[in-house]
Amino acid sequence: MKRNDKFKPFARTGVIAGAAAFTLALSACNAAGPQAQSTPTDVSFGPTTSEAAGKIDSFTWMITQEPATFDLDIDSATAENTIMSNVCERLMQLQPDLTTTPHLAEKAEWTSDTTVVFTLRKDVTFHDGTPMTADDVLWSMQRHAAKGADESDEYANVTDMAKTGDNQITVTLKQRDAIFLQAMAGNGGIVLNRKVVEAQGANYGSPSAPDACSGPLKLGKWSAGSNITLTKAADYWDADSASLADTITFRWADDNAIVNALTSGEAQGAYLDSPATAGPLQKSRKVQIAQGPSTNVWSLIATERGALKDERIRQALSLALNRQGVTQAAFGGLAKPWKAPVGPGAWGYEEPTFSAAYEALAGAPAQPSNDDLEKAKKLVQEAGVPAEPIVVANSGDSIRNVISSALVEAAQKIGLKAEIVTIPRQQYGDFYSDASLRAQADLFSDEYYISKNDPVGFYKNGASTAKVNFVKFAGEGYDSKVKEAQATTDDAARAKLAIDLEKHWTDAMVWIPVAHTPATIAMSKDITGAPSSASFLYYPWAADVGSSKK
Amino acid sequence: MSSLSTPTLASTPVIGRKKRDVAYLVSLGFLLLVVAAALLAPWVAPYAANAVDFTAIWQAPGAGHLLGTDQVGQDLFSRLIHGARESLLGPLALLALATVFGVTIGTVAAWNGGWIDVVLARITDVMFAFPGLLFVVLVIAVFGKGPATAIVALALAYAPVIAKFTRSLALAEMTRPYVDAYRVQGVGGAFLCVRYIIPNLTPPLLGYLVVLFGEGLMSLATLSFLGFGAQPPSSEWGLMVQEGQSGIIQGHIWPTLVPGAAIAAVVVAVNVVGVRLSDRLNSRFER
């Protein structure tokens, strides 16, 4: 009698061979060896890598996923921004050191408390050769401000926008808004060629559509599912900032494949999503690693679900969390334990003041001491042990695995029960918008960053009307302080207010900060020039990349 | 009825006839060891399955941690032992379910024949035509992920193969004289199937199920690896492989290698035991 072999849900032979091959392949492919450590040794830190010595024909750059669209009013995640920062330009421009300077607007001037006037450059041309006009600028700003547009929140305080001269746009706001000019260095300040966008209609942003921008590089070919090429804009209006490379090819792959592509020389660079990926690249003789300032911080974001509404439980968990352990385990030591919800890249003014205030913050130790744990236990006693276990969301990826495990460990240390719930990665982003999803977890971990070099840009998230203030935090006078800070254009005065907001936020531990992740770039030693800060999301970084040798 | 002689199992012991079958004995010994470790996990594991220790992350095998540690300093040996429970119970549960479905369908089809056989055969053919993994993923998409759904989904995927196998065995069994004898005496079909036919199918079916156990273990581990089965903080082996992945590019192979090797070793051992068992039981069944 023979076995029925016709149907094999998972063919046995293949399964065994696969399992064996898998385990063997793991051993064989591991060039670093089982004892290898990824502790950083020679990672430079600064806003840029060294200046390019000469031009280059082409290079290949890795990103982690294919862009969804090039219409940044529809979607603007890291993949889209990394590419389009080289193609589209803004009224203001974020610099590698994360300061903001006028760009397509040669001047931006507050003419009253609520009125800002942009004086536009006259020499800007789009990629199709047509000159940029004030009508294009006004139309672009109105498009960004439209309901549902990705950057519409940047225009929340705007009451009117008008063309007030051949090269002049006047914007009227409800109140003086110190952050508005910085927002114009982000995607809310992109100037589009109206004629091109309207001609493309709904097709604009798709693989077959041309770009409608004026940057040093223009869209070449988007081979859907394969790669995207940018080509040097032939007659770029700012000849001094023209691209050093003629062609740039973007390919996408997961972290493992990016490491392989860089070490094998198939690709020449990548901005790494996770600093942990830099660990194995440090061992390569062909690759250089650099880090730079960013505003990124991984935090445990408390939801309105239950126990975490009590700030004492949040404070207790923060005191017991082993941030040092998380940075080692999740980021190979290439991140820093952090005490605030926004990174030092946001200290774009009054940096020493912000730095000193940060150092004075308490309640978020790198490694909890016995005193911290005792304080935490006392807080739990005062608040009462929640009847239900604290639930922390995980998406199954490495970083969130570590953070959720650390949170469970912290909870156990101070007499709290905690458990992990896994939410699919594709659904994880819905935590910000879906209350029913938040009802499944008391905390979810996420990396949060802001596009402005101003902490006020983050701390507005603690206002009573803010969408991400899930625990209904209501610090005394917080809302009015946010408004006052937003309206204060004197840097010293605004820094003082921002620090006050920071103190309110961290005292209440609205979110539990975990680790600051600097921007991390990996690049072949044959090329150089790219900024190593988080500016690559908005600054035309690829234009600066050239040969490292003359 | 007692005067009727129904075929019984031969008296020869199933196990132990070939004393020099080293692979079989080693495999059996290994499996017994794994089962014992799973049963005694709380007593034999040196650490709790989810004990985090950030001072001991990514450690290679050594004195403190026999098989090393993972990304958050969890002891891999302890997780492996604790995870053996879920990793072994999962395929057991799925085979139990699949066997109930499959044997019922196969026996009913064989006994009734005619249109019932045709309809059941077509249904199982349709199941055969559908890729197993895709079917399981679809079930999980509808009912949600987790170990219970994965087990039920896989049981549904495995049931047709067991049904086909059972049907062919049952058809052969029905040609035996004792079946006609019982029929002549007016014994009902259901009673005859449950009391005599199905028990007589057990030996060859058992051997086949042991082999399927290995497939089931691998399939469940695959689903956990893909995020559809066991969920953190479980130490199910497929999930351990998935969680260890991030260490590979950093040069830390142990968190993936250890559970991966455990899966491979158990699957190989189960197959060696299953094939031997199947051969011996089949030869006696055919006699």
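This is a short talk on a predicted model, starting with chain B and then turning to chain A.

Hi everyone. Please keep in mind that what we have here is a predicted model.

Let's begin with chain B. Along its principal axes, the C-alpha trace of chain B spans about 75 × 50 × 25 Å. Of the 287 residues in chain B, 51% are buried. If you take contacts in chain B between residues at least 6 apart in sequence, 71% of them join residues at least 24 apart.

What does UniProt say about this chain? An unreviewed entry there lists "transmembrane region" for residues 22-45, 88-111, 123-143, 149-166 and 257-277 of chain B. Residues 22-45 of chain B come out as 92% helix and 0% strand, with the end C-alpha atoms 29 Å apart. For residues 88-111 of chain B, the figures are 100% helix and 0% strand, and the end C-alpha atoms are 34 Å apart. The unreviewed entry also carries the annotation "domain: ABC transmembrane type-1" over residues 84-274 of chain B. Across residues 84-274, the chain is 85% helix and 0% strand, and the end C-alpha atoms sit 19 Å apart.

Now a residue I'd like you to find on the screen: B:Leu67. It is placed in the loop between helix 2 (41-44) and helix 3 (76-112) of chain B. Is B:Leu67 buried or exposed? B:Leu67 counts as buried, because it has 23 C-beta neighbours inside 10 Å, and the cut-off for buried is 20 or more. Which residues does B:Leu67 contact, leaving aside its neighbours within four places in sequence? They are B:Pro61, B:Leu76, B:Phe77, B:Leu80, B:Trp254 and B:Val258. Of these, B:Phe77 is ten residues from B:Leu67 in sequence and 5.3 Å away in space, C-alpha to C-alpha.

Let's move over to chain A. Chain A is divided into domain 1, made of 39-272 + 526-550, and domain 2, which is 297-516. The C-alpha centres of the two domains lie 30 Å apart. Their contact takes 19 residues from domain 1 of chain A and 18 residues from domain 2 of chain A. On the domain 1 side, the touching residues are ten nonpolar, seven polar and two charged.

That brings us to the largest nonpolar core, with 239 residues. The members touching the most others are A:Val392, A:Ile403, A:Leu407, A:Leu443, A:Ala522, B:Leu154 and B:Tyr158. Domain 1 and domain 2 of chain A both give residues to this core, so it lies between them. Back in chain B, B:Leu154 is in contact with B:Leu94, B:Val136, B:Gly216, B:Ser219 and B:Leu220, leaving aside its neighbours within four places in sequence.

Last stop: helix 17 of chain A, residues 491-508. At 1.5 Å a residue, its 18 residues should span 26 Å, and the end C-alpha atoms are 26 Å apart, which agrees. Its buried residues include A:Arg494, A:Glu502, A:His504 and A:Trp505. What do the buried residues of helix 17 pack against? Helix 8 (311-320), helix 10 (351-360), helix 15 (456-459) and helix 16 (478-487) of chain A. Just after helix 17, A:Met509 takes a positive phi of about 45°.

Methods
Residues numbered from 1 in each chain as written. Chains lettered and ligands numbered in written order. Predicted model: local features only at pLDDT ≥ 70, side-chain atom pairs only at ≥ 80, totals over all residues. Domains from an automatic or database assignment. Contact = placed C-beta atoms within 7 Å. Nonpolar A, V, L, I, M, F, W, Y, C, P; charged D, E, K, R; others polar. Core = buried A, V, L, I, M, F, W, Y, C linked by C-beta atoms within 7 Å. Buried ≥ 20, exposed ≤ 12 C-beta atoms within 10 Å, placed from the backbone. Helix = DSSP H or I, 4+ residues; strand = E, 2+ residues; numbered from the N terminus. Expected span 1.5 Å × (residues − 1). UniProt positions renumbered as here; feature names shortened; annotations may be inferred.
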